[in-house]
Amino acid sequence: MNTKYLDLLAQKYDTEEKVVTEIINLEAILHLPKGTEHFVSDLHGEYQAFQHVLRNGSGNVKEKIKDLFKNVLSDKEINEFATLVYYPEEKLPLIKAQFRNKRELYEWYKEIIDRMLNLISYASSKYTRSKLRKALPDQFVYIIEELLYKTDEFTNKEQYYTKIVQQIISLGQADKLIIGLAYTTQRLVVDHLHVVGDIYDRGPEPDKIMDTLINYHSVDIQWGNHDVLWLGAFAGSKVCLANIIRICARYDNLDIIEDVYGINLRPLLNLAEKYYDDNPAFRPKVSSSDKLSDHERLQITKIHQAIAMIQFKLESPIIKRRPFFNMSERLLLEKIDYDKNEITIYGNTYQLENSCFATINPAQPDQLLEEEEQVMERLLLSVQHSEKLARHMKFLMKKGSLYLKYNGNLLIHGCIPLDEEGNMEKMTIEDKTYAGRNLLDVFEHYLQEAFAHPEETDDLATDMVWYLWTGEYSSLFGKRAMTTFERYFISDKATHKEKKNPYYYLRENEEVCRNILEEFKLNPDHGHIINGHTPVKEIEGENPVKANGKMIVIDGGFSKAYQSTTGIAGYTLLYNSYGMQLVAHKHFNSKEEILLAGTDVLSVKRLVDKELERKMVLETNIGEELLKEISILKDLRKYRYS
């Protein structure tokens with residue numbers, strides 16, 4: 001052990017007693033039950049639904065309420081109390097309006113504060129007092145601790161405890177205390193949150209999800225394909241930026257770019273107004289509740305065409321300078337006969353519909369107009385100078401990774417590229433060949449490199465970020481080709497199909513999943529692969545638990561766009577010291593409905609894997625770190641005090 005490091009450590013633990021006390025504390029923590037992990041995936045900007053799942057801990061809050069009060073409260077009272085814990089600021093006024101006088105309200109305050117304290121005591125039973133203290137609202141820490149740990153076997157302090165509660169109410173602090181206790185409960189029922197990809201996409205409020213995660217007590221993120229697209233744009237990839245704007249235009253979501261992140265789209269609109277007109281293939285997809293004027297719809301349609309054509313142009317130079325991407329078939333602008341308005345791809349010729357090639361030079365189809373170049377330069381500059389976007393992207397990089405090994409499980413958004421036989425698919429990058437874990441590691445290396453050097457816009461690292469979005473062997477895309485062009489311009493739907501990597505059907509096979517776990521140095525007997533990215537079509541009988549429990553797919557469709565095909569509104573996963581439970585969520589209508597009706601949006605929990613013995617902190621990633629700390633402290637004691 002480095003003696004200089006031990007000398008620095010000794011400044012904190014400057015007596016043997018402090019060292020010994022900390023060793024005792026850490027050793028004891030190792031033998032507490034592991035905390036509850038909460039897994040969510042494919043949020044796609046659906047902030048309201050995500051907020052509800054986060055606040056109720058995928059049903060964990062209500063489970064604890066039922067455990068405590070099932071013989072005391074009716075189902076209606078349990079639902080009302082649970083809703084108060086989920087949404088205290090909104091529920092309190094609704095409850096208080098029911099009381100006829102101050103006396104009734106006073107009695108309710110006393111009862112509900114006592115009930116809240118009992119719930120917190122129960123929810124924190126496997127935590128140290130120190131950890132609980134950190135979860136308590138700062139302004140009430142002393143008072144809550146007095147009430148939580150009260151002992152009055154000799155009745156000496158009965159009036160003392162009564163007076164504390166009386167003063168809280170009489171001084172008008174009861175609402176603040178109840179709100180603080182509610183948020184403490186939400187924090188205690190989930191020890192750690194895993195977001196298994198795709199915070200961003202077509203939903204309206206990914207920024208609010210990011211703000212929530214930034215303030216969450218313990219979280220990690222496995223990047224999804226849409227997350228990497230945003231990271232790529234911020235890292236200097238113009239083609240990633242073009243994709244983002246195109247998708248936002250397609251789903252009438254440009255407010256995220258303009259209003260939320262402050263990126264001025266006026267130059268793009270001016271360009272679009274000059275070269276494009278109405279086009280049915282590029283009209284925004286809007287829900288029945290959205291109201292666009294004809295003028296707004298036409299503006300978005302024009303922007304959509306302008307940015308789509310810029311995107312197709314920007315893709316070509318990357319494909320040409322990176323032959324190892326093996327994407328020459330996607331040089332689509334060069335495969336068009338502009339006189340006949342038809343394209344020949346994969347040996348077949350198709351008539352083009354809804355074409356919008358006003359800015360194309362047939363002799364050099366991938367050449368940007370000077371106006372287009374200027375628009376993209378201005379957009380990229382605006383993106384990289386957005387303070388809010390910078391804060392979100394830096395957090396996404398800091399907390400994110402392509403995959404994570406956590407407590408014996410492998411968390412990954414997309415896939416591990418495989419061949420037809422289930423072997424790790426190989427990809428050669430600049431004369432070096434990678435597969436399996438090594439391939440994902442090199443992808444992540446290039447993403448980090450691109451993010452660290454946003455001024456480089458055409459280097460290999462920046463191009464690799466785009467490949468992660470659209471490449472055949474990308475762990476985040478995992479399809480033969482992205483058929484965006486075909487969907488716009490070719491009516492034959494056979495050309496729209498995107499052939500998936502064999503992983504997506506081989507993951508049903510237990511042996512394949514065990515091999516993947518071994519590839520990532522995880523125990524295949526106890527580990528699981530926790531996967532997002534592909535919505536599980538429960539309505540068609542698809543099972544999210546695959547390969548004899550080795551594979552758990554938790555994308556059930558948070559995004560409203562998928563719910564008609566999935567039949568549900570998302571899966572989440574809970575993993576506590578007793579085992580794993582999968583939770584399916586019904587469609588989330590509104591917070592108001594839950595506040596008024598007290599109903600929840602959960603369906604039956606499914607037991608995925610039950611621990612034979614209760615899992616302790618000692619057996620977790622945190623346990624590994626604590627063991628290292630204990631070893632260092634023992635070295636310090638030996639070095640300094642023996």
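Buried, in this tour, means under 20% relative accessible area, with exposed over 50% and partly exposed in between, for a 1.4 Å probe and protein chains only. The structure is a predicted model, in which local features need pLDDT of at least 70, side-chain atom pairs count only at pLDDT 80 or more, and totals for chains, interfaces and linings use all residues. Residues are numbered from 1 along each chain as its sequence is written, and side-chain values use heavy atoms, with hydrogens and water left out.

**Stop 1: helix α9**

Select residues 141–148, which form helix α9; helices here are DSSP runs of H or I with at least four residues, strands are runs of E with at least two, and both are numbered from the N terminus. The buried residues of α9 are V141, I144, E145, L147 and L148. They lie on the same side of α9 because they cover an arc of only 165 degrees around the axis, the arc being that of the directions from the helix axis to the C-beta atoms. An α-helix has 3.6 residues a turn, so residues three or four places apart point the same way. Next, display α7 (102–123), α8, α10 (158–170) and α11, which are among the elements that cover the buried residues of α9.

**Stop 2: the second largest pocket**

On a 1 Å grid over the protein atoms alone, a pocket is an open set of points with protein on both sides within 12 Å along at least five of seven lines, a cavity is a set where a 1.4 Å probe fits but cannot get out, and lining residues have an atom within 4 Å of a point. Grid points are joined across faces, edges and corners, and a volume is the space filled by probe spheres set on the points.

The volume of the second largest pocket is about 650 Å³. Centre the view on I29, Y127, K131, D191 and I622, the closest to the pocket centre of its 28 lining residues.

**Stop 3: the largest cavity**

The whole structure holds four cavities of 30 Å³ or more, and the largest has a volume of about 260 Å³. Select E315, M327, R330, T470 and M482, which lie nearest its centre among 24 lining residues. Then colour α17 (294–321), α21 (460–470) and α22 (484–489), each of which supplies at least two residues of the lining. The largest share, five residues, comes from α17.

**Stop 4: the sheet β4-β5-β6**

Three strands form an open antiparallel sheet in the order β4-β5-β6. Because β4 (336–337) and β6 (348–351) stand at the edges with a single partner strand each, one side of each is left without a neighbour in the sheet. Strands pair if DSSP finds at least two bridges between them. Two bridges join β4 to β5 (residues 342–345), where D337 stands opposite E342. Four bridges join β5 to β6, and T344 stands opposite T349 in β6. In the turn of the β5–β6 hairpin, which has two residues between the strands, select Y346, with a positive phi of about 50 degrees.

**Stop 5: the hairpin β8–β9**

Finally, select 403–406 (β8) and 409–412 (β9), antiparallel strands joined by four bridges. The bridge partner of Y403 is I412 in β9. Two residues separate the strands of this hairpin, and N407 in the turn has a positive phi of about 50 degrees.

Definitions and conventions
Contact means heavy atoms within 4.5 Å.
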